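Please read these notes with the structure open.

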Amino acid sequence: MKNENYYTTRNIKDIDRISELLEELPSFCEDYFVGIEARTSCQTRLKYAFDLRIFFDFLCKKRYKNFLPNELTLEHLESVKHNDIELFLSYLSHYQFNGKRLSCDERAKARKLSAVRALFKYFFNKGLIEVDNSAKVSTPKLHEKEIIRLDSQEVSELIGVAESGSGLSRHAVGYHNKTKIRDTAILTLFLGTGIRISELVGLDNDSFDFSENSFLITRKGGNQAILYFSDEVKYALQEYIAEKSNDAKVPEDEKAFFLSMQYKRINVRTVEILVKKYSKLVSPLKKITPHKLRSTYGTRLYNETNDIYVVADVLGHRDVNTTKKHYAAITQENRRKVANVVKLRKDDDIPTLSPDNEEND
């Protein structure tokens, strides 16, 4: 399996997991997942399966108490009223599943409602249920969240910390000496190209063309794209390549570009942990994730180009409105820039603060 394409391997695992979850779901769900296979990714279907498992568990706890989820039929689905689904959304605020206490915020509720709506719509369009009551349920109101990103000084400090290990615990420093070149390359690639974590983990040795400063990635949904990087990114990547070429433990047949300490393809969780490890030293009040590094790049690219369509294309957004929502908003830096733009009086009439007044203020 080591030499299989990363995405092929991931899809096989997702399909196997969906098959396991179908054992816990109503039998009609198998027809549903087969029906949507041609127009959805494996990861999307897996997320739907997890969400539907919660929904049918709720129905059996609150509405069909004499049934297990895998005993429900399309007749049960058709008899679900819109207020049952609204109660489900309320239930998600605090609920128990498999012995665990869980809760969903407004965005998680909206995602689960989307999974439920897709199921109802499928069977309604097929004529297998006569009414789609899920269409009557309003999506939870989503409040805008301020986008967290690093400023230019923090970006520089983050890469510096990855290189030096400054501020790490004595235990962490031991590992850092073995991974600092790899970690620096990972952070530099995130901050210099804005790629997603799945795109980074899926990179192979032959994904790069250093004569063109370009590399091939697989986007969400399976489409491929060629992106370009700066000489600064090129240097960090080639430093890592040089280190790997001098490490006799690297398997000759390992095609993955970024490797774990076990000399296997690095996984998503490991990348998340290393980003958190370094970023909390630089900006402890900001919860920085790989996606926040992507936001950092997108914001800086927009500020430099002022072209939202270029940003959307580079980041792989299918809808430019997604890009506008995240990267064309007024940032803290922009607010600071415009603070003195609006004049209330002529320059000659504006009093100046003396050093004494500044201290008193």
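**Notes on the predicted model**

1. The whole structure contains twelve salt bridges. The model is predicted. The points below take up some of these pairs.

2. Start with E199. Its side chain meets that of R196 in a salt bridge, at 2.8 Å from N to O. E199 is buried, because its relative accessibility is 0% and the cut-off is under 20%. R196 is also counted as buried, at 15%.

3. E199 has another partner. R219 forms a salt bridge with E199, with the closest N and O atoms 3.3 Å apart. R219 sits in the loop between β4 and β5, while E199 sits in helix α9, so the pair ties together parts 20 residues apart in sequence. R219 counts as buried at 11% relative accessibility.

4. Next, D204 and R265. Their side chains form a salt bridge at 2.7 Å, N to O. D204 lies in the loop between α9 and β3 and R265 in the loop between α10 and α11, so this pair links parts 61 residues apart in sequence. D204 is buried at 8% relative accessibility. R265 is buried at 17%.

5. Now the helix pair. The axes of α8 (residues 170-193) and α12 (residues 290-305) come within 6 Å and cross at roughly 45°. The two helices are therefore oblique to each other. Residues in the contact include L187 and F190 of α8, and L293 and Y297 of α12.

6. Last, the surface. L216, I226 and Y228 make a nonpolar patch of about 320 Å². L216 belongs to strand β4 (residues 214-218). L216 is partly exposed, at 35% relative accessible area.

Methods: Residues are numbered from 1 along each chain as its sequence is written. This is a predicted model: local features need pLDDT of at least 70, side-chain atom pairs count only at pLDDT 80 or more; totals for chains, interfaces and linings use all residues. Side-chain values use heavy atoms; hydrogens and water are left out. Patches are made of residues with over 30% relative accessible area and no salt bridge: like charges are joined within 9 Å, nonpolar side chains (Val, Leu, Ile, Met, Phe, Trp, Tyr) within 5 Å. Accessible areas come from the Shrake-Rupley method with a 1.4 Å probe; for residues, only the protein chains shown count as cover. A salt bridge is a side-chain nitrogen of Lys or Arg within 4 Å of a carboxyl oxygen of Asp or Glu. Helices (H or I, at least four residues) and strands (E, at least two) are DSSP runs, numbered from the N terminus. Buried means under 20% relative accessible area, exposed over 50%, partly exposed in between (1.4 Å probe, protein chains only). Axes are lines fitted to C-alpha atoms, for helices over the stretch in contact, and angles run from 0 to 180 degrees between N-to-C directions. Angles under 35 degrees count as roughly parallel, over 145 as roughly antiparallel, 65 to 115 as roughly perpendicular and the rest as oblique. Contact means heavy atoms within 4.5 Å.
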